[in-house]
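Look at the structure, then read on.

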Amino acid sequence: MRRWPIALLLLICLGAAAFWWLTRPRPLAADAIAGLQGDAEAGALVFAAGGCASCHTAPGAEGSADDATAGTAAAEDSPIVQSGPVLAGGQAFATEFGTFYAPNISSDPEAGIGDWTDIQIVNAVTRGVSPEGQHYYPAFPYAVYGHADLEDIVDLVAYLRTLPAAQTEVPPHDVGFPFSLRRGLGLWKRAFIPTDWVVAGDLSPQAARGRYLAEALAHCGECHTPRNAAGGLVTAEWLGGAENPDGPGRIPNITPGGLDWSEADIAEYLTSGFTPEYDTAGGQMAEVIENLSALPQEDRDALAAYLKAVPPVAPD
Amino acid sequence: MTHRAARLCAPLFAAAVTAAVTTSALIGTAGPAMAQDDLPPAVAARQHHMDLYGFNLALLGGMAKGEIDYDADAATGAAGNIAALAMLDQSGYWPEGTSSDDIEGTRALPAIWENMDDFQSHIDALAEAATALEETAGDGVEAVRAGMGGIGKSCGGCHEDYRVSR
């Protein structure tokens, strides 16, 4: 009789230890980016492909993508100093788990991330781990950015450092128990972050480039793929369309099973926003196109080739 | 004991259900509104006006996509048509009582009448983008591709604020 409580206690301790081990934040090795030299001009394109400005500019701020390319060689020869989007944060994302506020990631050392080291920013972007060693909520698509080449992320960091500072204080996330316990996110990461490309197999070099852009930067799947009850992406229905968290209607199925546009149609849509009927993109997609239109034409062609290589999901 | 176990397990439950929610995308893929027989003439006229934009855009877009052979004169002409259309006086198109709140068969939001100056500025932006393309469209298909972006942005920007989404 007396043994039971001890056994139970032992079990609980073991469970707690296992939980602690499984949920531990896993940043990159301290020397992971040693030797990499950030190129801000290349980083501007990573920034555009990653769609950072769509969430991290202040609510209602305009012209993010225009500004994002202001410093690229394609735009003009002017140096990228203190021009470009102001990443003051503050946009609210109301979800069933609570309301998330996009943080200030401007170069301000107090309110933003100006005093973070390169590896701290790289860990935030690719591993979802804060400088204090806490998990970030996956509203921040680090699950996607973790597949990017570290060289690209180091370039991105170099670009972020050129952007203006903003002293805006953003409210903390308004997330209730139990989601307020960030430690548990370690399990979410283990369960739901794909370890490899979702669209596996041999792709043409062009489609593979598109896969890199879509699955490591542009995070198309975050909206276009359905989620399970725990908020993990259902990769078996990759890009097969999903509920619209912002309102009525559905986010469309963009696999060959749901979208019969030609590659040229898709590339044109991602460039100018025109559908094959010459209607225009709306909602969040208009912002996505603003970002993607800053990329070289080959990259939008690559995204189109990738979408044709995605396994078809049957229409609803 | 049970109480403590529950406390220790709480993060597990939390983990099991914690989730990401992201921004959303909404693509408007609808074609032009169906003109109906009983629409007020101003509504029918402005819808046909949109059709004329679409007709000229289809030529430029077809060239941009490589579906239609590039033709410098045709491209310049189509861009010029769009610019000319955007510069027409539209004051007769928007009588009171013809918003989507007032009648069926239109996607023109009441916001148009509340912000007529801003609404007009989108049309001016289209005229500007189309005029710019008219000047460069003869330079080659690359110029047509580049010019479509500015036109698309002005179209989309206006639709975003002033058209019923679906």
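Q: Which residues lie nearest the centre of the largest cavity?
A: They are A:Ala143, A:Val144, A:Pro194, A:Glu222 and A:Leu233, among 18 lining residues. The model is predicted: local features need pLDDT of at least 70, side-chain atom pairs count only at pLDDT 80 or more, and totals for chains, interfaces and linings use all residues. Residues are numbered from 1 along each chain, chains are lettered from A, and side-chain values use heavy atoms, without hydrogens and water.

Q: Why is this space called a cavity?
A: Because on a 1 Å grid over the protein atoms alone, a 1.4 Å probe fits at its points but cannot get out; lining residues have an atom within 4 Å of a point. The largest cavity holds about 200 Å³, counted as the space filled by probe spheres set on the points, which are joined across faces, edges and corners.

Q: What makes up the lining of the largest cavity by class?
A: There are 11 nonpolar, three polar and four charged residues. Asp, Glu, Lys and Arg count as charged, so A:Glu222 is in that class.

Q: Which domains supply this lining?
A: Domain 1 (40–192) and domain 2 (205–309) of chain A each give at least three residues. These bounds come from an automatic or database domain assignment.

Q: How many salt bridges are counted between domain 1 and domain 2 of chain A?
A: The count is zero. A salt bridge needs a side-chain nitrogen of Lys or Arg within 4 Å of a carboxyl oxygen of Asp or Glu.

How values were computed
On a 1 Å grid over the protein atoms alone, a cavity is a set of points where a 1.4 Å probe fits but cannot get out, and a pocket is an open set with protein on both sides within 12 Å along at least five of seven lines; lining residues have an atom within 4 Å of a point.
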